[in-house]
Amino acid sequence: MRKIIIPALILGILVLPVWGEIPSPEESLGFQVGADRKLADWQQIVRYFRELEQNSDRVLVQELGRTSQDNPFLLVVISHPDTLANLAGFQKIQEMLADPRKIEGDFQEFIEQGKTIVLTTCAIHSTEVASAQMSMEFAYDLARGEDPETEEILKNVIFLLVPSLNPDGVNMVNHWYQQTLGTPAEGESPPQLYHPYAGHDNNRDWYMLTQKETRLVVEKIHNVWHPQIVVDMHEMSAYGARMFVPPFMDPIDPNVDPILQAQIVSLGGSLFSAFIAAGKKGIVTQAIYDAYTPARAYQHYHGGVRILLETARAHLATPIYLNKGELRSGDNYNVHRPSWNFPVPWEGGVWRLRDIVEYQKIGLRAALLHGARYRKAWLENFYRVGVASIQRSQPYAFVLPPEQRDSQSLYDLLEVLDFGRVEIQRAQEPFQVRSSTVVSAPLGLPNRREFPAGSYVILMQQPYGAFAKTLLEIQHYPGSREYPGGPFRRPFDVTAQTLGIQLGVETYQVMQPFEAFLNEVDEVQVPSGQIEGEGIYGLFSHTDNAFARLVNRLFKQNRAVFWAPNGFSAEGESFPVGTLLVHFDEGEIASQQLLEDIPLKVQLVKKRPELAWQQIRMPRIGLYKSFSSAIDEGWTRWILEGYEFPYQSLNDQDIREADLSEYDVILFPHQEPKKIEQGLGDSYPEQYRGGLGKEGMARLRQFASEGGTVVFLGEASRLPLLRWQLGGVDITDRLTSREFSVPGALLRVSVNNHHPIGYGMMEEAAVMFWHTPAFDLSRGLSVVHYSSKDPLLSGWIHGEEHLVGKTALAEIPMDQGRVILIGFRTQFRAQTRGTYKFLFNSLYYATTE
């Protein structure tokens, strides 16, 4: 219906707006949503929603901010016009129900007045193209529908629609698809990450909250609206079931409230029934996906349920044909055999983008109807989840002492909690507890009973205590086998997220109540550092990740920077191995601006300490960027930029043909060796085909032999072992999943912290082991190796005896240069900040003589 504005008063008669027809997506776009080989780009999608808002009193469009590539990020709010006129009032009701401490008297008045808040998020993975397209047609149906079901939804639900969580990727994929239509590459994924930094990992960012888009959604939707239901639209393999709906497979994170677990079953069952009733085939439930990690489910710890809808994909917007023999079974279902959780198999045939759109519309409408028909139940249970959280008895709190080896990581951890609406207290005086349990602490440090003033205290009796608890406690993943005596069932994602361990922040869990004088922290801010003392030589610590940001700022001022190969004393103070030294000019006062947002102390001394200082320079970094789109490459760029390292991206042709002597170090992010060597296939345009090949590997070897450093991360470190006869093997290649399995766990390692790559680290550290090699070497130097004591710190492991004493990080000489193999995930998803220093040190080490 189109809104026509008429003067409010004509001849003394009040005239109300007159409504006409609302333009359909097909009228706006010039093609039907889901049509073969047709995709709307982000500008067209934005334009359509603006048109819809202008022509319907049921639709409100808000631009929440800008994306990584400066596209508008939209939230579309759809409800009854009377509801849209009072959105602030309904937000207030949600705020009260989310925090029962704010309610004085009977909560039922809020239940009577409130609406079920349903958030739907589309197209976070941009090659899963259907949902962004579907969102236009689904909104159109709600904007114009007069049927009883639509009226019921509009009356009882506030529908929050995010047409895409990744607008930049919508444009990238659309541009690539239009470019390759009618070529052998039609329907292939683009040869670049479809999120500028996170790629496919952008839906693993829901607890670390690093990317602009994630932060927009959390800050301006989740933390404002507190949705009871979140429907997350995805696409999965084309070769199995047509649609997955919850409930999920076991395990689910035990920190997800039992009420929410039951609601996932209830709502998922309703959707499952809706698909079967609509005659749709290939619907599977309680299969494929678990709900263990918080990295994919912010709402599970904020009073809501995540309903994952995964539809089989086409080749972007190009139809595919699958015969029955091409279909493959998945975890917990047989694609050819009916079962209770897969009652009507799909027999094969043509599968189109329009099919995906139709399936998604059925599932989303069923979710909205459930939210509307059980409005009171959703709101009451939302309130009860909050009550249970503020009444949690154990643990009582987590405590983080103020003096940490790595202050930057402490503030990083606190900022994550603060952004997730966790209340943080700070002790104004020293206090005691009956007992505490170490979650993360330096080697040999016992459980503590006394904590100093300034300690950070996270009490569990608060609305979002579950979010804090799942991030701060140690995970004990319940491993299970696929069948008796069979291989261990792999979780869908990692099994550990303990932030104190990942970030190297000293953390204690306290089970029993204690008395302390606490004040709430209003805002977490990284303090600027301090310059103390007198003199022209500045000394500062290597233990804090922020050292790298400071060093790089010094380099940009053309300062000479050195690191200490051993410990020393200066002006009565002791300094450890790896301490950094900068020389300021005579009579110059070191700038305080240098330390803005860097929580480090620079100690000035008058005399340069006498020892064999080793100079480091700004590393000239070549960062390998495969057309096979390694997600880790995006994360590596994000981290390098955040710590102010300049770098140059190098593709396969660059390594084969460019002058590599322009670089000190060439860095290979985590990627399968086959993809690095062979790259993309013949279906792609010529400029994207192939990988490094023999020629590229030979150039790399020559670069290292002539004095360069090549750093390989994660799986990429298998490549030089396979091709350069370095005198070592990856021991995990010889083991079956029955013998050895570490599906994303935090493991204990021993560190040679007198080696430059280990500077700033403790003798014992924690690393993320996921798709990770472990080395048995006959030459080179083992800088980090797996501990002989119990290696598991958080998560799950089977066959740990195979790791004992094996190398995790090695330096191997290559004539005048070197190869550095970092097998573990040293900067995994920008989460494992406790091991960033291994990467930073490797880059600086490449500049030393």
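These questions and answers walk through a few local features of a predicted model.

Reader: Are helix 16 and helix 22 roughly parallel or roughly antiparallel to each other?
Author: Helix 16 covers residues 546–556, and helix 22 covers residues 836–845. They pack at an angle of about 25°, with their axes 11 Å apart. Angles under 35 degrees count as roughly parallel. Helix 16 and helix 22 are therefore roughly parallel.

Reader: Which residues of helix 22 make the contact with helix 16?
Author: Helix 16 brings Phe-547, Ala-548, Val-551, Asn-552 and Phe-555. By class, the contact has six nonpolar, two polar and one charged residues. From helix 22 come Lys-837, Phe-840, Asn-841 and Tyr-844.

Reader: How far apart are the end C-alpha atoms of helix 9?
Author: Helix 9 has 14 residues, 212–225. At 1.5 Å a residue, they should span 20 Å. The model agrees, because the end C-alpha atoms are separated by 19 Å.

Reader: On which residue is the kink in helix 9 centred?
Author: The kink is about 30°. The kink is centred on Val-218.

Reader: Which residue follows helix 9, and what is its phi?
Author: The helix is followed by His-226. The phi of His-226 is positive, near 50°.

Reader: Is Leu-595 buried or exposed?
Author: Leu-595 lies in the loop between strand 30 and strand 31. Its relative accessible area is 1%. Buried means under 20%, so Leu-595 is buried.

Reader: What is the separation of the C-alpha atoms of Leu-595 and Leu-550?
Author: The two residues are 45 apart along the chain. Leu-550 is one of the residues in contact with Leu-595, and others include Ile-531, Arg-553 and Val-602. The C-alpha separation is 7.0 Å.

Reader: Which residue does a cis peptide bond join to Pro-251?
Author: Pro-251 is found in strand 11. Omega of this cis bond is about 0°. The partner is Asp-250.

Reader: What is omega for the cis peptide bond of Pro-246 and Pro-247?
Author: Pro-247 sits in the loop between strand 10 and strand 11. A cis peptide bond joins Pro-247 to Pro-246. Omega is about 15°.

Reader: Where is Glu-644 found?
Author: Glu-644 is not a glycine, yet its phi is positive, near 65°. Helix 17 spans 631–642, and strand 34 spans 647–650. Glu-644 is in the loop between helix 17 and strand 34.

Definitions and conventions:
Residues numbered from 1 in each chain as written. Predicted model: local features only at pLDDT ≥ 70, side-chain atom pairs only at ≥ 80, totals over all residues. Heavy atoms only, no water. Axes fitted to C-alpha atoms, helices over the stretch in contact; angles between N-to-C directions. Helix = DSSP H or I, 4+ residues; strand = E, 2+ residues; numbered from the N terminus. Parallel < 35°, antiparallel > 145°, perpendicular 65-115°, else oblique. Contact = heavy atoms within 4.5 Å. Nonpolar A, V, L, I, M, F, W, Y, C, P; charged D, E, K, R; others polar. Expected span 1.5 Å × (residues − 1). Bend = angle between axes of the 7 residues up to and from the residue. Buried < 20%, exposed > 50% of the residue type's maximum accessible area, 1.4 Å probe, protein only. Lists of a residue's contacts leave out its neighbours within four places in sequence.
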